[in-house]
Amino acid sequence: MAVNLVNVENVSKVYGTRALLDGVSLGVSEGDRIGVVGRNGDGKTTLIRMLAKLEEADSGRVTHSGGLRLGVLTQHDSLDPAATVRHEVIRDMADHEWAGNAKIRDVLTGLFGGLDLPGFPKGLDTVIGPLSGGERRRIALAKLLIAEQDLIVLDEPTNHLDVEGIAWLAQHLRERRSALVCVTHDRWFLDQVCTRMWDVQRGVVHEYEGGYSDYVFARAERERIAASEEVKRQNLVRKELAWLRRGAPARTSKPRFRIEAANELIKDVPPPRDSSELMKFASSRLGKTVFDLEDVTVQAGPKVLLKHVTWHLGPGDRIGLVGVNGAGKTSLLRAMADAARSEGERQPAGGRIVTGKTVKLAYLSQEVAELDPTLRVLEAVQRVRERVDLGKGREMTAGQLCETFGFNKEKQWTPVGDLSGGERRRLQLLRLLMDEPNVLFLDEPTNDLDIETLTQLEDVLDGWPGSMIVISHDRFFVERTTDRVHALLGDGTLRMLPRGIDEYLERRHRMEEAAAAAAPAPVTDKPAVSAADARAAKKELQRIERQLDKTSARETKLHEQIADNATDFEKVAKLDAELRELVAEREELELRWLELAEDA
């Protein structure tokens, strides 16, 4: 029987006049892998902070099992800005200790791309203070994953990770024995990692068995039976379920009769997009030419990111763009946007970008555009347009589109200056769509958006007729909204991948293996090591490790003796001399350990 780790009993939490959590009772046991979902502002982060005892409940109680080893990743790290990465992540471990630990090597390679932390100016000895928020977050995550815990609580762990990093983290968490509670809007990640779901809605937490795919089915089934939600919400959930069952590989863990029930529930739901109709409409709006790249070279300063790229973006094309960080995804979109805005006068470092005469581009960048903070949300949208044509005869007023994007009638009168980062992101995207563009460039559109808003955005994009390029680390969103995936693999080329992101990850893995095989062997005069010598080296390593343990214990004892005899200067001098000899002996042993490790 699984041991209970955390109990949440009848917990309530009120902010102002709003009850975020109302009489919630939950439990976390050994082996649980729980995903937490819900709209932004409904209390997901508050729930896990109370679970971890980082925040007090107004009523009820949270209890932890005795000796619980708890690791928490919050949205704001507590790293010492004056410390180095080495100090925060590896602490005082000697090089031979951490380099010989497979878990530490796996975490550093998975999160940073190598043991020497490529991309950090001084590797492990880089000072944390000047680093970006994304770099600091990866350091905090590495620090947590290297430690041993009974329970890990993660708040948006995939933020600032690329597709490869997210895939690595999912595999790492699946292989750990720790229990897990995780808040994330990354639906692919939830499906890979979680076996239970908590859905936080209006102060109540609904529990579901299975991963995200199972949750979508169970929620659609519950809403159908109870008829407790408006028709629009039911249809959105059923539409997403239909895509999960028909489009993406089914990852449900439900028995067959439940799968049959899901198929019955969605039998009358059409595919998410009528591609031929959208293509026809897009062609009528855009003509034959949208963007033609001819022998294009893209640079960022002196660095060449793309070389001699020839590519065609046609009417109605929906492209997902993936690639390693720094490969040039954003730079490519900027070069295309510059050519469109300057009507071809601004061109990249090499080659030419031809833009169609009817192109009306909307570009959602990673930076949130500044708006007059005194404007109300509805006013900010109406200043662009009062009504918007969404295609296929669908038209919406500014207020209706605001509601679709999670701004209810009350929220529409909130000043822009009072919005959260995620709400500003939603407003920025909403204003772009209100301008009725026929080409969309979306650079990380899912940042700060909750799953419900993402589902609504996907529904709007399903009927949007035009050409679209999406850059996102959210694999689910890319697969859901686009028809083809192109990749920048870091070698200056742009490739179409017929099998999508799975093919991208396979190619990247092969490239890394090839790079490792092609790396020059370290120059050495040592002859090849025989099997007998390797066995001898392993024995010697074990002997040295035992000596190092004894040396460390003796060092600790000497430090204690020096502290106890602080007023006896003669004795302290004698102990200090002995300590220096011991440190020199330890350093020689560590050096010998590193030499033998190569042979072993």
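**Helix packing and an open sheet**

Helix 4 (residues 102-112) packs against helix 5 (residues 133-146) at an angle of about 160°, and their axes are 10 Å apart. Axes here are lines fitted to C-alpha atoms, for helices over the stretch in contact, and angles run from 0 to 180 degrees between N-to-C directions. Helix 4 and helix 5 are therefore roughly antiparallel, a label for angles over 145 degrees. The contact (heavy atoms within 4.5 Å) brings K103, I104, V107, L111 and F112 of helix 4 to R138, I139, L141, A142, L145 and I146 of helix 5. Nine of these contact residues are nonpolar, none is polar and two are charged.

The model is a predicted one, in which local features need pLDDT of at least 70 and side-chain atom pairs count only at pLDDT 80 or more, while totals for chains, interfaces and linings use all residues. Residues are numbered from 1 along each chain as its sequence is written, and side-chain values use heavy atoms, without hydrogens and water.

What about helix 1 (residues 44-51)? Six of its eight residues are buried, so helix 1 is largely enclosed by the rest of the structure. Buried means under 20% relative accessible area (1.4 Å probe, protein chains only). The buried residues are K44, T46, L47, I48, M50 and L51. Just after helix 1, K53 has a positive phi of about 60°.

Further along, six strands make an open sheet with mixed pairing, ordered 14-17-18-12-19-20. Strands pair if DSSP finds at least two bridges between them. Strand 14 (361-364) and strand 20 (494-497) are the edge strands, each pairing on one side only.

Notes. Helix = DSSP H or I, 4+ residues; strand = E, 2+ residues; numbered from the N terminus. Parallel < 35°, antiparallel > 145°, perpendicular 65-115°, else oblique. Nonpolar A, V, L, I, M, F, W, Y, C, P; charged D, E, K, R; others polar. Buried < 20%, exposed > 50% of the residue type's maximum accessible area, 1.4 Å probe, protein only.
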